Amino acid sequence: MASKIPLLTPHKMGPFELSHRIVYAPMTRQRAFNNVPQPQTILYYSQRTTPGGLLISEAAGVSDTAQGYPDTPGIWTREQVEAWKPIVDAVHEKGGIFFCQIWHGGRVSSYTFQPNGQPPISSTDKPVGPKQHAGGERNEYSPPRRLETDEIPKIVNDFRLAAQNAIEAGFDGVEIHGAHGYLIEQFLKDEVNDRTDQYGGSLENRCRFALEIVEALSKEIGPERVGIRLSPFANYQESGDSNPEELGLYMANALNKYGIAYCHMVEPRMIQVEERAETPHSLLPMRKAFNNTFIVAGGYDREEGIKAVSTGYTDLVAYGRIFLANPDLPKRFKLDAPLNKYDRSTFYTPDLVVGYTDYPFLSNSD
């Protein structure tokens, strides 16, 4: 029967009973004015909720130094926490499981987003070059300031407080954003991290910051409510690594010590945003090394997702762009129905309807 496709079988992720394996991936939407999620976001997430489905929110900043792009949400103030509550409630009313992705942009930022126009903080003082954004505009980044060793515990604590806030807002858990060239990856990757203290040099030292955050959050909210997203093979924001497989394997093994809910990894083929590259690399060694739920992401379609689950390559598959454009994606996959095409030009516009809540559903007769 069509309903028995591997993507639509149940999965137990710690205490969470998932009814299917199609995850709504975390995606920056840039519609949270003054870093506060808007009421229309309630509809946006609830449209993509199914009973027993896992959703991961767009990245929410952990502090006033975390922001890297316009109009991204935060979860460090009382006002932000209160704004998230009805969004989370709407997902729960439809039976969804909702994790909040928490992040810090690090050097992927500019003076305009920083308190008092100060330099962005990072593992390094090496700047990242300007980037052309999907919407056509150019992002210019300001030279960062290298964090002093004694400042790092405060950043770890910012992540801890953000996780506490996420639970207060009603989220089921948090995903630590350790991917795509942002602050945590600026420590993980040897192309960026040029430190000489205990947070730089060896693989163990470069992974220390990420694992200190994992440990702090596991103690604060429970390991069963913590996940992490990693992209060892990616080179976003000039954050490559000389041995990504070794990095990914080290992290997968190290995470087992904490017993966190899941490890979410970006496919090696997604070296840059929006592009799929041919690669001999695979996430299978990391999947085999990590003990709990494993999630893969990176340009998957229906058939690839089915194969990834049926062969044991992963437990869950995160879908971003096609889930955005098809809010009823699990139903479409079940019926093998045609998909709406996404419109890249509206991914990051501030419009609270267009490219946000206006993608059509299958009609009830389908």
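A salt bridge here is a side-chain nitrogen of Lys or Arg within 4 Å of a carboxyl oxygen of Asp or Glu. Keep that in mind as you click around this predicted model, in which local features need pLDDT of at least 70 and side-chain atom pairs count only at pLDDT 80 or more, while totals for chains, interfaces and linings use all residues. Residues are numbered from 1 along each chain as its sequence is written, and side-chain values use heavy atoms, with hydrogens and water left out.

**Stop 1: salt bridges**

Select Asp336 and Arg302: they form a salt bridge, with the closest N and O atoms 3.7 Å apart. This pair links distant parts of the chain, since Asp336 sits in the segment after helix H10 (329-335) and Arg302 in helix H8, 34 residues apart. Helices (H or I, at least four residues) and strands (E, at least two) are DSSP runs, numbered from the N terminus. Arg302 has 14% relative accessibility, so it counts as buried; the cut-offs are under 20% relative accessible area for buried, over 50% for exposed and partly exposed in between, using a 1.4 Å probe and protein chains only.

Next, pick Asp315 and Arg287, whose side chains meet in a salt bridge at 2.8 Å, N to O. Asp315 is in the loop between helix H8 (302-310) and strand S15 (316-319) and Arg287 is in helix H7 (residues 284-289), so the bridge ties together parts 28 residues apart in sequence. Are these two buried or exposed? Asp315 is buried at 11% relative accessibility, and Arg287 is buried at 17%.

Now try Arg146 and Asp125, where the closest N and O atoms of the salt bridge are 3.2 Å apart. Arg146 belongs to strand S10 (residues 145-146), while Asp125 is in the loop between strand S7 (121-122) and strand S8 (131-132), 21 residues apart. Arg146 is partly exposed at 27% relative accessibility, as is Asp125 at 42%. The structure holds 18 salt bridges.

**Stop 2: H5 against H6**

Show helix H5 (residues 203-221) and helix H6 (residues 244-256): their axes come within 11 Å and cross at roughly 40°. That makes H5 oblique to H6; angles under 35 degrees count as roughly parallel, over 145 as roughly antiparallel, 65 to 115 as roughly perpendicular and the rest as oblique. The axes are lines fitted to C-alpha atoms, for helices over the stretch in contact, and angles run from 0 to 180 degrees between N-to-C directions.

Which residues of H5 and H6 meet? From H5, display Leu203, Glu204, Cys207, Ala210, Leu211 and Val214; from H6, display Glu246, Leu247, Tyr250, Met251, Ala254 and Leu255. Contact means heavy atoms within 4.5 Å.

**Stop 3**

Move to helix H1 (residues 40-47) and colour its buried residues: Thr41, Tyr44, Tyr45, Ser46 and Gln47. Their cover includes strand S3 (22-24), strand S4 (54-56), helix H2 (78-93), strand S6 (97-103) and helix H9 (321-325).

Then select Thr357, in the segment after H10. Thr357 is buried, with a relative accessible area of 13%. Not counting residues up to four places away in sequence, Thr357 touches Gln40, Leu43, Tyr44, Gln47 and Leu352.

**Stop 4: Ser239**

Finish at Ser239, in the loop between strand S12 (226-230) and H6. Ser239 is buried, with a relative accessible area of 0%. Leaving aside neighbours within four places in sequence, Ser239 is in contact with Arg107, Gly181, Glu185, Lys189, Glu191, Val192 and Ala234.
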